[in-house]
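This report describes a helix and the strands around it. The sequence and the structure are shown first.

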Amino acid sequence: MKKKAEITHPEKIYWPDEHITKGELIDYYRNIAPYILPYMKNRPLSLRRQPNGIKDEGFFQKDAGDSVPEWIKTFEILAESTGKMVNYHVVNDVESLLYIANLGCIEMNPWNSTINKIDNPDWVVMDIDPSDKNTFDDVIDVALTIKQILDEMEVEGFCKTSGASGMHVYIPFGRKYDYDQARDFAEMLAHMVTERLPRLTTLERSLAKRKKNQIYVDYLQNRIGQTLACAYSARPKPGATVSAPLEWSEVQHGLSPKDFTIKNIFDRLEQKGDLFKGVLGKGINLNKALQKLSVPVQD
Amino acid sequence: MRAIWSGAIGFGLVNIPVKLFSAVQASELDLDMLDKKDHANIHFQRVNANTGREVKWENIVRGYKVEDNYVVLDESDFEKASPEKSKIIEIAEFVDEKEIDSIYYETPYYLQPEKSGVKPYALLRDALKKTGKCGLGTYVLRNRESLVLIKPQGDLLILNKIRFAEEIRDTDELNIPDVKIKPAEMNMAVQLIEQLTTDFDITNYKDTYNEKLLKLIMAKAKGKKPAATKMKVVHSKSRDLMAQLKESLAAPKRKAS
């Protein structure tokens, strides 16, 4: 069985304003594979396919269907919402990654848990999702507030640009806790953020009810089956941006997510290496972290 | 006290005409919502969540979400689903009151006989007392069928709405681990209970919150500032979640489902 992804229509324009082709996207994934694969390995993938490039919304696909080649790994999971089995793609090597990219997946959306321990996420993620009225400096203020709370808990967090307008902060959970606990922890963090930044942030899901210039602190990405764009994933956004892991010292006013693209990320990787490694580390001790946060009851 | 319903208790071949009165009242103070700035009353508007504009009553319908769409119901739909309105509380069977768990009890009402019902009312009341039973029946109030108990209390018959079985939540999800108890521990606990056992007298307990609040209001009206009670716990959603998380961590490891 030959394990090689067949690349079709590499000449197709994916980013029309920048004249970046599908072939260039495939090349990006070929080169970034050693960096991105650790964060995709053994994780069910939700596909967002945009075979006509970034100007087309594309469509979402979870089930691999019948047409999937035999050498692509898949994993069946019962979808609780529908009661049906869904056969997810799982990408563990570069050829599988290129196969997925060739389907028109500009961004990679892996689960927070792996098929070996599907109920226990490797990380908790806080999704900082600004409105169009917010500046990236606002996003940075929210990220730094999360960092401040994590520092108070003496817990390490890792941040990256989403590659679009927001940022993601990851807290390693080391598959020690379940999705309910991950969600509760994220919700607690989110409430603490809104308590500290009541004007700038909101937990209101409904777009209509949010104030025009508020940032949504989305803790609901910590449910089973929810996905965000992976570290080093390309994004279907102007400039062919990627979701770029950052050092906390870089998280300062003036930083722009547009600075990190499929073209220039490699220079950065050469200098700084993979800043996101710690996300797959040991995971925090939730008990200890909560104790650090507990304020003694005042009398 | 104003009657909220009048009808009859159907008991075998006899109908006992009665009036129904609420047996309970809210003990909360009636506070109004005001604008902080000028103390104008706050009033509510029903607004369209998309446009933010007010929607008139006649343009409001009720719907139920099925998957992602709403199924809209109109008056005739509600009518079709409603039980037949009746003026009779039909006692279908008699049960031992001790068999009914308190979890089923809902709102209590007082029953008062109409003139022509005085005799059968007294007869039902006394017969229930003598047998230690209460009547279980159904009646329709505000378009909904209700399950009710009729039981004697002093000179009165009391009607107690009770819940249907499907209104009671399943306890499967609660975690009550099995533990072994030593006889000595049990003895101690029993002793403690016996020491503290008295006759039940509800008047020993008072809800003092409203009383205090009212005092405070009166003092404020006179321009005095009563001393603030010290807050014990800073209450916030994040703190609730923290407590919840700690609890989940303390629980024995759940099996991956």
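Which exposed residues does the face of helix 2 of chain B turned away from its buried side carry? In this predicted model, that face carries B:Lys119, B:Asp126, B:Lys130 and B:Thr131.

## Helix 2 of chain B

Helix 2 of chain B comprises 14 residues, 118–131. The distance from its first C-alpha to its last is 20 Å, close to the 20 Å expected at 1.5 Å a residue. After the helix comes B:Gly132, which has a positive phi, near 70°.

## The buried face

The buried residues of helix 2 of chain B are B:Tyr121, B:Leu124 and B:Arg125. Viewed down the helix axis, these buried residues fall within an arc of 95°, so they line one face of the helix. An α-helix has 3.6 residues a turn, so residues three or four places apart point the same way.

The elements of chain B that cover these buried residues include strand 1 (5–11), strand 2 (14–22), strand 6 (105–113), strand 8 (144–153) and strand 9 (156–162).

## Pairing among the covering strands

Strand 1 and strand 2 of chain B run antiparallel and are joined by 7 bridges. Within this pairing, B:Trp5 has B:Leu20 of strand 2 as its bridge partner. The two strands form a hairpin with 2 residues between them, and B:Gly12 in the turn has a positive phi of about 65°.

Strand 2 of chain B also pairs with strand 6 of chain B, in the antiparallel sense, over 5 bridges. B:Lys19 stands opposite B:Gln112 of strand 6.

Note on methods: Residues are numbered from 1 along each chain as its sequence is written. Chains are lettered from A and ligands numbered from 1 in the order in which they are written. This is a predicted model: local features need pLDDT of at least 70, side-chain atom pairs count only at pLDDT 80 or more; totals for chains, interfaces and linings use all residues. Helices (H or I, at least four residues) and strands (E, at least two) are DSSP runs, numbered from the N terminus. The expected span of a helix is 1.5 Å times one less than its number of residues. A residue is buried if 20 or more other C-beta atoms lie within 10 Å of its own, exposed if 12 or fewer, and partly exposed in between; C-beta atoms are placed from the backbone. The arc is that of the directions from the helix axis to the C-beta atoms. Two residues are in contact if their C-beta atoms, placed from the backbone, lie within 7 Å. Two strands pair if DSSP finds at least two bridges between them.
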